[in-house]
Amino acid sequence: MTPRRWFVTGTDTGIGKTLVSSAMLSLLAGSGLRAVGMKPVAAGLEQIDGEWHNEDVTRLQEAGNVDAPLALRCPYLLRAPMSPHLAAGEEGVRIALQPLLSAFSLLSARADAVVVEGVGGFCVPLADDLDSADLAVALGLPVILVVGLRLGCLNHALLTAEAIRARGLVLAGWVASMVDPLMLSPQANLQTLRARLGAPLLGIVPHLAHPDAAQAARHIDLRALRATAAHAARLAASQAPEASAALA
């Protein structure tokens, strides 16, 4: 059976990656699978009842149905809401690849399906020698792109898709997120993206007054992922020896 593992990235920050990732987890859990979300790096905490929390990490946990320790679901939890490499620097922390890969491996052993949500856009720096794209490559997962529908989204989406494929990854599908309800000609923009992205559209999440995973899930259909899953698995298998050599 093809592993149900995906890396979710976006055209920018604040465009609905967590909402889409949570909706995916809701659908997967609702189908009877053991589904868990992972946020490898989260930057931005608030203190609730004396404990530090990150909203994205909490929403992913609530949408899944696997009980896993925070250290696996989010190995790097940083306080400042800024680029992870800067937030980590303020705390004297260095984000490294191996702890992220180990946490993913242990988390995968607990679940049938894992949704890994990246941070910000596809190439956000995590350390001086590591970015989010490097992590996606090391994990070897098919990528789902969340496109925030607003002015400028065409360029952002097409450049991100190009970067994903340039790294040798499979763009398994994309989700449109209506972040700007006043955007001009949204349907024409969607038509352009359908014609140019070269990957299945998994859904269009409307602008929701009170967004939650269950509401967003009604607008997403994961069945189209079957068309790219086999290709992604073959690609990952062919690249496994190279990845092992790189980590040695």
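Predicted model: local features only at pLDDT ≥ 70, side-chain atom pairs only at ≥ 80, totals over all residues.

I started with strand E1, which pairs with strand E10 (residues 143-148) in the parallel sense over four bridges. Pairing here takes at least two DSSP bridges between two strands. Strands (E, at least two residues) and helices (H or I, at least four) are DSSP runs, numbered from the N terminus.

Residues are numbered from 1 along each chain as its sequence is written, and side-chain values use heavy atoms, with hydrogens and water left out.

Next I looked up the link from E1 to strand E7 (residues 113-117): the two run parallel, joined by five bridges. Val8 has Glu117 as its bridge partner in E7.

Is E1 enclosed or open? Six of the seven residues of E1 (residues 4-10) are buried, so the rest of the structure largely encloses the strand. Buried means under 20% relative accessible area, exposed over 50%, and partly exposed in between (1.4 Å probe, protein chains only).

Then I turned to helices. H5 (residues 97-108) packs on H6 (residues 132-139) at about 45 degrees, with the axes 11 Å apart. Axes are lines fitted to C-alpha atoms, for helices over the stretch in contact, and angles run from 0 to 180 degrees between N-to-C directions. H5 and H6 are therefore oblique to each other; under 35 degrees counts as roughly parallel, over 145 as roughly antiparallel, 65 to 115 as roughly perpendicular, and the rest as oblique. Leu97, Leu100, Leu101 and Phe104 of H5 make the contact with Leu135, Ala138 and Leu139 of H6, where contact means heavy atoms within 4.5 Å.

I also checked H7 (residues 153-166) and H8 (residues 186-197), which pack at about 20 degrees with axes 10 Å apart. That makes H7 roughly parallel to H8.

Most residues other than glycine have a negative phi. Asp49 has a positive one, near 50 degrees, and sits in the loop between strands E4 (46-48) and E5 (51-53). Asp49 is exposed, at 80% relative accessible area. Ser185 also has a positive phi, near 50 degrees, in the loop between strand E11 (171-177) and H8. I noted Ser185 as partly exposed, at 48%.
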